Amino acid sequence: MNAAEETPPNLPLSGEGQECTTPLDSSPDKGRPGGVSLSDEHWMRHALTLARNAWQQGEVPVGAVLIRDGEILAEGWNQPITLHDPSAHAEMLAMRAAGQTVGNYRLPGTTLYITLEPCLMCVGAMLHARVERVVFGAYDPKTGAAGSAFNLLQDPRHYHKVLAVQGGVLQEECAALLQAFFRERRAAASAKPAAE
Ligand SMILES: [Zn+2]
């Protein structure tokens with residue numbers, strides 16, 4: 001995502017989120033969009049809780065979790081302002097932490113869950129890391145590089161290819177969190193007294 005962006009992504013409106021009561025299941029479930037499993041929704045819900053950490057720090061609320069063999073390898077949430085780091089997007093921090101944990105910059109066999117479609121920078125890092133599968137929540141028509149604004153993630157010219165990409169998992173909840181954040185920020189800005 002592009003955290004420096006002052007205007008919110010053009011995200012669809014959505015209603016309230018719903019509680020996760022479904023058991024873990026790695027098999028795709030009938031009635032869900034193609035390729036989406038209950039475990040995808042489970043991990044996306046976890047990424048959403050991480051996104052709320054970002055909000056508490058005044059950052060655009062995006063969360064990411066990296067999974068290997070059904071377990072959490074690393075987590076991250078958007079923190080460019082806090083860390084004075086333009087590269088401190090949620091998924092970058094998750095990949096960095098995972099690299100430190102496993103002692104390798106390559107992360108084969110992993111699935112990366114992000115609440116917002118990744119930007120060009122993050123997709124580049126995913127390709128270097130050889131992430132196997134990418135699952136994201138809300139689409140980002142302005143800067144998304146997994147098919148919305150760019151389709152860098154699945155460009156056939158890459159030597160390494162991300163094997164699978166799934167967008168729109170818990171899309172409404174992921175988008176609603178971002179919309180609520182920007183709504184609150186706009187309200188806070190308009191509540192400030194005039195400069196003169
Ligand atoms: Zn990014």
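The following paragraphs describe the fold of this predicted model, from its overall layout to its annotated site.

Residue numbers start from 1 along each chain as its sequence is written. Because the model is predicted, local features need pLDDT of at least 70 and side-chain atom pairs count only at pLDDT 80 or more, while totals for chains, interfaces and linings use all residues.

The protein has 5 helices and 5 strands, which are DSSP runs numbered from the N terminus (helices are H or I, at least four residues; strands are E, at least two). Along the sequence, these elements follow the pattern α-β-β-α-α-β-α-β-β-α. Of the 196 residues in the protein, 41% are buried, where buried means that 20 or more other C-beta atoms lie within 10 Å of a residue's own, exposed means 12 or fewer, and partly exposed lies in between, with C-beta atoms placed from the backbone. Among contacts between residues at least 6 apart in sequence, 57% join residues at least 24 apart; a contact requires C-beta atoms, placed from the backbone, within 7 Å of each other.

At the level of the sheet, 5 strands are arranged as an open sheet in the order 2-1-3-4-5, with mixed pairing (two strands pair if DSSP finds at least two bridges between them). Strand 2 (71-77) and strand 5 (164-166) stand at the edges with a single partner strand each, so one side of each is left without a neighbour in the sheet. On average, and with direction ignored, neighbouring strands are turned by 15° against each other; axes here are lines fitted to C-alpha atoms, for helices over the stretch in contact, and angles run from 0 to 180 degrees between N-to-C directions. Strand 1 (residues 63-68) pairs with strand 2 in the antiparallel sense over 6 bridges, and Arg-68 stands opposite Glu-71 in strand 2. Strand 3 and strand 4, in turn, run parallel and are joined by 5 bridges, with Thr-111 opposite Arg-133 in strand 4. Strand 4 is largely enclosed by the rest of the structure, because 5 of its 6 residues are buried.

The helices can now be placed around this sheet. Helix 3 (residues 90-102) lies across strand 1, strand 2 and strand 3, and runs at about 135° to strand 2. Helix 1 and helix 5 (residues 171-191) pack at an angle of about 10°, their axes 11 Å apart. The two helices, helix 1 and helix 5, are therefore roughly parallel to each other; angles under 35 degrees count as roughly parallel, over 145 as roughly antiparallel, 65 to 115 as roughly perpendicular and the rest as oblique. Helix 1 contributes Leu-48, Ala-51 and Trp-55 to the contact, and helix 5 contributes Glu-173, Cys-174, Leu-177 and Phe-181.

Finally, the annotated site. An unreviewed UniProt entry places the feature "binding site" at His-89, Cys-119 and Cys-122. These residues are spread over 34 residues of sequence but cluster in space, with a largest C-alpha distance of 9.2 Å. UniProt positions are given in the numbering used here, feature names are shortened, and annotations may be inferred rather than shown by experiment. His-89 sits in the loop between helix 2 (80-83) and helix 3, and His-89 is buried, with 29 other C-beta atoms within 10 Å. Cys-122 belongs to helix 4 (residues 120-129) and is buried, with 29 other C-beta atoms within 10 Å. Leaving aside residues up to four places away in sequence, Cys-122 touches His-89, Glu-91 and Met-92.

Key:
Two residues are in contact if their C-beta atoms, placed from the backbone, lie within 7 Å.
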